[in-house]
Amino acid sequence: MTDMDAAAARGVIPLEPAAPSEHSDVIPASRLRVAGITPFTTIDFPGKLSAVAFLQGCPWRCVYCQNPWMQPTEFDPALEHDSWEKLEALLRKRKGLLDGVVFSGGEPCADPALKAAVAAVKAMGYAVGLHTGGIIPKRLAEVLPMLDWVGLDVKAPPTDAALYDRVTGRAHSAAHFLESFRMIRESGVALECRTTAHPDYLPDGKLLELAEWLHAEGVDTFALQIYRKPNGGLFSAFPAVGSDYPAPETKARLEALFPKFIERRNDR
């Protein structure tokens, strides 16, 4: 059985590699696929007043995805979107008022114009943060030397490759994550690991397995983001999470493992 056959049997599909990195440096920032912009936030970049640029496109198909319209590479013509020009104008207007810019998504590393965009934002004097799942290590390597902070999504215990694939909907996703994780750790860039959790795919035992792995790797900042049902009456893949998840003893263990443990919960 080939890797592709095995992946199909697990209900996942192989992850397509990024375009060769030697080509991505010729893609100008003006080609950045900006799906939306949050002009001001205090919570997306620790210690910074920042703007957030949400980039279109994500190769993963996470079971809990809150932004499925951002998954396709191309914009949906029925939906409005923003642009690099709007982001650039905002940053020039708010120079001295904002500290940084976060590139989020979707998956920002799926955009070949990310490198040029990060360089342009840095040249304007802003700190740069990145939200990523570690999905395309080669493109992460291009921008990592310019980053000030990374929020890294940890979808499942990296030690359980089959579960990681089930959560992301793609084969070999844990391997991509691990390569990116090692790269970030070796770089010394400030890192927050975060996990969006629901008991249907991350019961307490698996959540603790994930956390224990991060602790063993020396991670000191971990954010537990409890799954929330989407706004606007969208179909929800999972029922609302009750206050009994995670169990008190699980939460106590999480608090003991990480010097900085953050719980983000917005029950609906």
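Mentor: What follows starts at the pocket, moves out to the sheet and its helices, and ends with some details of the loops.

The model is predicted, and every value below is computed from it.

Strand 3 (50-55), strand 4 (100-105) and strand 5 (127-132) each supply at least two residues, and so do strand 8 (190-197) and strand 9 (221-226). Those five strands also belong to an open sheet of eight strands, in the order 2-3-4-5-6-8-9-10. The pairing in this sheet is mixed. At its edges are strand 2 (34-41) and strand 10 (260-264), each of which pairs on one side only. Neighbouring strands of the sheet are turned against each other by 20° on average, with direction ignored.

Strand 2 and strand 3 are joined in the antiparallel sense over five bridges, and Gly36 stands opposite Phe54 in strand 3. Helix 3 (residues 84-93) lies across strand 2, strand 3 and strand 4, and runs at about 15° to strand 2. Helix 7 (residues 173-187) also packs on the sheet, where it touches strand 6 (149-153) and strand 8. The direction of helix 7 makes about 155° with that of strand 6.

These elements are part of a protein chain with nine helices and 10 strands. The chain has 268 residues, of which 49% count as buried. Among contacts in the chain with a separation of 6 or more, 72% are between residues 24 or more positions apart.

Ile135 sits in the loop between strand 5 and helix 5 (137-143). Its C-alpha atom is separated by 7.6 Å from that of Ser180, although the two residues are 45 apart along the chain. Ile135 counts as buried because its relative accessible area is 1%, and the cut-off for buried is under 20%.

The loops also hold some backbone details to check. Most residues other than glycine have a negative phi, and most peptide bonds are trans. Against that background, the peptide bond from Gly105 to Gly106 is cis, with omega near 20°. Gly106 is in the loop between strand 4 and helix 4 (114-123). A cis peptide bond also joins Tyr245 and Pro246, with omega about -10°. Pro246 is placed in the loop between strand 9 and helix 9 (248-257).

The remaining detail concerns phi. His172 is not a glycine, yet its phi is positive, at about 65°. This residue is found in the loop between strand 7 (170-171) and helix 7. With a relative accessible area of 39%, His172 is partly exposed, whereas Ile135 is buried.

Definitions and conventions: Residues numbered from 1 in each chain as written. Predicted model: local features only at pLDDT ≥ 70, side-chain atom pairs only at ≥ 80, totals over all residues. Heavy atoms only, no water. Helix = DSSP H or I, 4+ residues; strand = E, 2+ residues; numbered from the N terminus. Pairing = 2+ DSSP bridges. Axes fitted to C-alpha atoms, helices over the stretch in contact; angles between N-to-C directions. Contact = heavy atoms within 4.5 Å. Buried < 20%, exposed > 50% of the residue type's maximum accessible area, 1.4 Å probe, protein only.
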